Each structure stands twice: as structure tokens, then as C-alpha cells.
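The exercises below ask you to read a fold, a helix pair, a core and some loop positions from coordinates. Each task is followed by a worked solution that goes step by step.

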Amino acid sequence: MHPSYQIELMDLFCETLKTNKNEYLIETHSELLILRLMQLIKNKTISSEDVSINYISKDENGAKINNLEIDTEGNFVDEWPDGFFD
């Protein structure tokens, strides 16, 4: 998807989250979508409390869901797993 459309899409998700109380489950590998979400949190357009970013990993016991916390300034508190984002 074109980068400008990705930004518009994230803006639309956040706007409808606030106005219509919609909830979304979005699966993505798009760094741009995540960066836009972080920017919207930093700009106070959306609250970090309204967002949950999860990474699914696999170990000897099976799949594990890891929540990656975002602070109120739009920064990740937890580090991304290897292989994602520089």
C-alpha cells in the first residue's frame, strides 16, 4: 500500500476509535503504520491506553503473546524483538 494511504488509514482507525468507539485488530509488518500510531499518541490524538501492540513468539512451550508497552509520549518502553525495525 502506498505510504500516504497507510498514514491516512491509521488516521481513520484512530478517528473512528474515538468517535464511534470502534475496536480494531490489525495485523501488520508495516513500520510506517506503527510509526504513525506512535506519532498520534505523542500528539495526544489517541491515548497509549487505547492501544495494545502484541508480538507473537514461539518457544519450546509453544506460542507466547508479548505485549510491547508504549508510554504516553508515543515511545516504546519495551524493545522490539530481533528482526523488526532498526
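**Exercise 1. Overall fold**

Task: determine what share of the contacts in the protein between residues at least 6 apart in sequence join residues at least 24 apart, and then describe the fold as a whole.

Solution. Among contacts between residues at least 6 apart in sequence, 41% join residues at least 24 apart, where contact means heavy atoms within 4.5 Å. The model is a predicted one, in which local features need pLDDT of at least 70 and side-chain atom pairs count only at pLDDT 80 or more, while totals for chains, interfaces and linings use all residues. Residues are numbered from 1 along each chain as its sequence is written, and side-chain values use heavy atoms, with hydrogens and water left out.

Next, assign the secondary structure, taking helices (H or I, at least four residues) and strands (E, at least two) as DSSP runs numbered from the N terminus. The assignment gives two helices and two strands, and along the sequence they follow the pattern α-α-β-β.

Finally, consider extent and burial. Along the principal axes, the C-alpha atoms fill a box of roughly 40 × 30 × 20 Å. Of the 86 residues, 27% count as buried, with buried meaning under 20% relative accessible area, exposed over 50%, and partly exposed in between (1.4 Å probe, protein chains only).

**Exercise 2. The helix pair**

Task: describe how helix 1 and helix 2 pack, giving the angle, the distance between their axes and the handedness of the crossing.

Solution. Two packed helices are described by the angle between their axes and the distance between the axes. The axes are lines fitted to C-alpha atoms, for helices over the stretch in contact, and angles run from 0 to 180 degrees between N-to-C directions. For helix 1 (residues 3–20) and helix 2 (residues 31–42), the angle is about 45° and the axes are 9 Å apart. Helix 1 is therefore oblique to helix 2, since angles under 35 degrees count as roughly parallel, over 145 as roughly antiparallel, 65 to 115 as roughly perpendicular and the rest as oblique.

The crossing of helix 1 past helix 2 is right-handed; a crossing is left-handed if the near helix is turned anticlockwise from the far one by less than a right angle, and right-handed if clockwise. Helix 1 contributes Pro3, Gln6, Ile7, Met10, Asp11 and Cys14 to the contact, and helix 2 contributes Leu32, Leu33, Arg36, Leu37 and Leu40. By class, this contact holds eight nonpolar, one polar and two charged residues, where Ala, Val, Leu, Ile, Met, Phe, Trp, Tyr, Cys and Pro count as nonpolar, Asp, Glu, Lys and Arg as charged, and the others, Gly among them, as polar.

Two of the contact residues can then be examined individually. Gln6, in helix 1, is buried with a relative accessible area of 13%, and, leaving aside neighbours within four places in sequence, Gln6 is in contact with Met1, Ser30, Leu32 and Leu33.

**Exercise 3. The nonpolar core**

Task: find how many residues the largest nonpolar core has, and which of them have the most contacts inside it.

Solution. A nonpolar core is a set of buried Ala, Val, Leu, Ile, Met, Phe, Trp, Tyr and Cys residues joined through side-chain atoms within 4.5 Å. The largest such core has 15 residues, and those with the most contacts inside it are Met10, Cys14, Leu37, Ile46, Ile53 and Phe76. Helix 1 and helix 2 each supply at least two residues of this core, and its largest share, six residues, comes from helix 2. Cys14 touches Leu37, Leu40 and Ile46, not counting residues up to four places away in sequence.

**Exercise 4. Positive phi in the loops**

Task: state where Lys21 and Lys44 lie, and whether each is buried or exposed.

Solution. Most residues other than glycine have a negative phi. Lys21, although not a glycine, has a positive phi of about 60°; Lys21 lies in the loop between helix 1 and helix 2 and is exposed, with a relative accessible area of 65%. Lys44 has a positive phi near 65°, lies in the loop between helix 2 and strand 1 (53–59), and is exposed, with a relative accessible area of 54%.
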